[in-house]
Amino acid sequence: RIMEQQMKTYLRFNPSICSINIGDQIIAQSVIEQMKWLFSGNFVIDVSSHQPISWIYYSHVLQNVDLSFVIGSNLLRGKLNSVDRQWDINIFNAKQLGPAVLIGVGWRAYGETPNWYTRQVYQKILSHNYMHSVRDNYTKDMLQKIGFNNVVNTSCATMWGFTPEFCRKIPTTKADTVVTTVTDYNQNLSRDKAMIDCLKANYKKVFLWVQGIGDFQYIKELTDINDICIIEPSLIAFDRILMNTDIDYVGTRLHGGIRALQKGRRTLIVGIDNLAKEKERDFNLPVIDQNEIYQLVERVNQPFDTNIRIPLHEIEEWKAQFRKSL
């Protein structure tokens, strides 16, 4: 293929670089795997979406980039002039870093209507010619409100493999062992203690995967960890448990649950923010709302099918725009 076309240069804003959340690695790996037919054979530059890019770098090194891509995660928000922003772009470098195309990106939180500054930044950096892929209808609606009608809801790329055939292979009944997660940046002692207590009482063995930098300290505040098997904070270690153990996943980390689903494990995600709630609403992801944590005992013991609805048509529509240029 390289011999038949000119090699292109792509920039990827990669949330897994310099991240304190291993869930970003799950997102990045999934995008790269799903899009390897496009990236393979071309020159790809990965930069951190969390860190600022120096003027010297983007004005010299990135001058010859053909197209930029923004990999997943909840990078979009309504107030980019805030110090707390996960995609570290600004009104001065936005035009030079674009045009950028979104791949399964989401809106950070409910209720953050874009201000004037944010609208200007997104108008400068996001492509107006290519179709953007977002992870849910809420994100699509927010972008449309600021003038982007070239948006399609594909779900997150981590879920693109959850076809009906794949979902039918996921167990419907409870295993004897469970792996859980907690979320260091969204702590609720009563909710999370209820979850851990339920899992200890209803499974013979409980594992906990440390997905975020503060998760281990938090679980020690929640419960006695002497009867919990701690999985080290690496994706390799998590994958090893998922692939080699008959195990369920029940936890508050969305992408920990999605990784368990990718490995064919029965999964129930405790929805603690708009990420899981929107995915449940749009795609029937197996989620129990945090306000219904009292139902967890019944949910884990009751058989259930995994019937995720993936927007296959929208995914193919979004991919097709790049196949035309191959």
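**View 1. Where helix 10 meets helix 11 in this predicted model.** Leu-235, Phe-238, Asp-239 and Leu-242 of helix 10 touch Gly-256, Arg-259 and Ala-260 of helix 11, contact here meaning heavy atoms within 4.5 Å. Sorted by type, the residues of this contact come out as four nonpolar, one polar and two charged (Ala, Val, Leu, Ile, Met, Phe, Trp, Tyr, Cys and Pro count as nonpolar, Asp, Glu, Lys and Arg as charged, and the others, Gly among them, as polar). Helices are DSSP runs of H or I with at least four residues, strands are runs of E with at least two, and both are numbered from the N terminus.

Some ground rules for every view: residues are numbered from 1 along each chain as its sequence is written, and side-chain values use heavy atoms, with hydrogens and water left out. Because the model is predicted, local features need pLDDT of at least 70 and side-chain atom pairs count only at pLDDT 80 or more, while totals for chains, interfaces and linings use all residues.

**View 2. How helix 10 and helix 11 cross.** Helix 10 (residues 235–244) packs on helix 11 at an angle of about 45°, the axes being 10 Å apart. Axes are lines fitted to C-alpha atoms, for helices over the stretch in contact, with angles from 0 to 180 degrees between N-to-C directions. That angle makes helix 10 oblique to helix 11 (under 35 degrees is roughly parallel, over 145 roughly antiparallel, 65 to 115 roughly perpendicular, the rest oblique).

**View 3. The six-stranded sheet under helix 11.** This open sheet runs 9-8-7-10-11-12 with parallel pairing, two strands being paired if DSSP finds at least two bridges between them. Strand 9 (229–231) and strand 12 (287–289) are the edges, each pairing on one side only. Strand 8 (residues 205–209) pairs with strand 9 over three bridges, and Phe-207 has Cys-229 as its bridge partner there. Helix 11 (residues 254–262) lies across strand 8, strand 10 (247–251) and strand 11 (267–271), at about 170° to strand 11.

**View 4. The four-stranded sheet with helix 1 and helix 14.** Here the order is 2-1-3-4, again an open sheet with parallel pairing. Strand 2 (43–48) and strand 4 (100–103) each have a single partner strand, so one side of each lacks a neighbour in the sheet. Strand 3 (residues 67–71) joins strand 4 through four bridges, with Val-70 opposite Leu-102. Helix 1 (residues 23–34) lies across strand 1 (9–14), strand 3 and strand 4, at about 135° to strand 3. Helix 14 (residues 312–323) lies across strand 3 and strand 4, at about 145° to strand 4.
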